[in-house]
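Welcome! Open the model, keep the sequence beside it, and try each exercise before you read its solution.

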Amino acid sequence: MNSSTFADDVSDIADHDDKSRQYIHNAIELALSFGDFQKEIHAQCTPREIGLKTAERINHLISFESSAIFFVNEETSDMHMSVCTPAHSEKAIESELDFLIQNGFVAWAMRERRGITVFAKDGRRQIMLHVMATYSRIRGLFMGLFPEQMRRLPDTSLQILSIILRNAANGLESLAYSSMLRQQKNELEKSVEEKTQRLVHYEKQLLHAQNMEAIA
C-alpha cells in the first residue's frame, strides 16, 4: 500500500471522527437549550404548556409518525394524556398504550427510567417509550410511534430525547414546587390577615369597654 494513500486514509478517518464528535456536541448543546424550561416556570405556565413545548422540541428533532406525552397524577398514580401529535391519532395512541400496559411494557419502562423500544400492537412497527423522571419521582411518559421503515433511534438522538424529557420532568417538578410555595404563601398571608383583623376587633372592644367605664 502506498504510504501517502494510507496516511490520507488515516487523516480522512480522523476528520470523520472529529466531525462526528462535533455533531454530537452540537446536538447535545441544542438539546440542552431546547430543554431549558426556566422561562416557562418563571412565567407560571401550566403543566400542559410544558407538555406542548416538550412535544414541539422533540418533533423538531425527531420524526415520529405520531407521539404523545402522558402526565402522572400524583394522588392516584394514573396517567392522563396531555399532548398528542398529530391530534387525530389520539384514539390510536390510547389503544396502543392500553396494549403496552396490559403486556407489562409500560411497567418495564418505568423501572428502567430510560428509553426502550418495543413492538406496536400490529407487530410490524416499533414504539419508543421513555419516562419523564426526576431524581425523586416519575412525572410522566413519552410515547413515540416509529414509521414502518424506522426501527430504532440513533444513539445521539436517544441521548437528545433523554435530555429534553429529563429537563421537562425537572420543569414540571419546579412548577409543582412553585405552585406549592405560592399556595403556602397565600395561606400564610390569609392567616396573618385574619389574626390582624381579630386583634383590631379585640382592641376596639377593649377601647369601647374602657370608654364605658370612664362614662360610668
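**Exercise 1. What is the volume of the largest cavity, and which residues line it?**

Step 1. In this predicted model, the largest cavity has a volume of about 40 Å³. The structure holds 1 cavity of 30 Å³ or more.

Step 2. Now pick out the lining: A55, I58, N59, S67, A68, I69, V83, C84, T85 and F142.

Step 3. Sort the lining residues by type. There are 7 nonpolar and 3 polar residues, and no charged ones.

**Exercise 2. Find the order of the strands in the open sheet of 5 strands.**

Step 1. Walk across the sheet from one side to the other: the order is β2-β1-β5-β4-β3, and the pairing is antiparallel.

Step 2. Look at the two ends of that walk. β2 (79-85) and β3 (116-119) are the edge strands, each pairing on one side only.

Step 3. From one strand to the next, the twist averages 25°.

Step 4. α4 (residues 90-102) lies across β1 (66-72), β2, β3, β4 and β5 (138-145), and runs at about 135° to β2.

**Exercise 3. How many bridges join β1 to β5, β4 to β5, and β3 to β4?**

Step 1. Recall the background: strands of a sheet pair through backbone hydrogen bonds, either parallel or antiparallel.

Step 2. Begin with β1 and β5, which run antiparallel and are joined by 6 bridges. Here S66 stands opposite L145 in β5.

Step 3. Go on to β4 and β5, an antiparallel pair with 7 bridges. M128 has G144 in β5 as its bridge partner. A hairpin of 4 residues joins these two strands.

Step 4. Finish with β3 and β4 (residues 126-133), antiparallel and joined by 4 bridges. I116 stands opposite L129 in β4, while F119 has Q126 as its bridge partner. The hairpin of β3 and β4 has 6 residues between the strands, and G123 in this hairpin takes a positive phi near 75°.

**Exercise 4. Are the residues of β4 buried or exposed?**

Step 1. Use the cut-off: a residue is buried when its relative accessible area is under 20%.

Step 2. Apply the cut-off to the strand: 8 of the 8 residues of β4 are buried, so the strand is mostly covered.

Step 3. Compare directions. In a regular strand the side chains alternate between the two faces of the sheet. From β4, Q126, M128, H130 and M132 point one way, and I127, L129, V131 and A133 point the other way. All of these residues are buried.

Step 4. Turn to β5, where 7 of the 8 residues are buried, so this strand is largely enclosed by the rest of the structure.

**Exercise 5. Which residues does L165 contact, leaving aside its neighbours within four places in sequence?**

Step 1. Locate L165 in helix α6 (residues 155-215).

Step 2. Check its surroundings. The relative accessible area of L165 is 0%, so this residue is buried.

Step 3. Beyond those close sequence neighbours, L165 is in contact with T54, I58, H130, V131, M132 and F142.

Step 4. Take V131 as one of these contacts. L165 and V131 are 34 residues apart along the chain, and their C-alpha atoms are separated by 7.6 Å.

Conventions:
Residues numbered from 1 in each chain as written. Predicted model: local features only at pLDDT ≥ 70, side-chain atom pairs only at ≥ 80, totals over all residues. Heavy atoms only, no water. Pairing = 2+ DSSP bridges. Axes fitted to C-alpha atoms, helices over the stretch in contact; angles between N-to-C directions. Contact = heavy atoms within 4.5 Å. 1 Å grid on protein atoms, 1.4 Å probe; cavity = no way out; pocket = protein on both sides within 12 Å on 5 of 7 lines; lining within 4 Å. Points joined across faces, edges and corners; volume = space filled by probe spheres on them. Nonpolar A, V, L, I, M, F, W, Y, C, P; charged D, E, K, R; others polar. Buried < 20%, exposed > 50% of the residue type's maximum accessible area, 1.4 Å probe, protein only.
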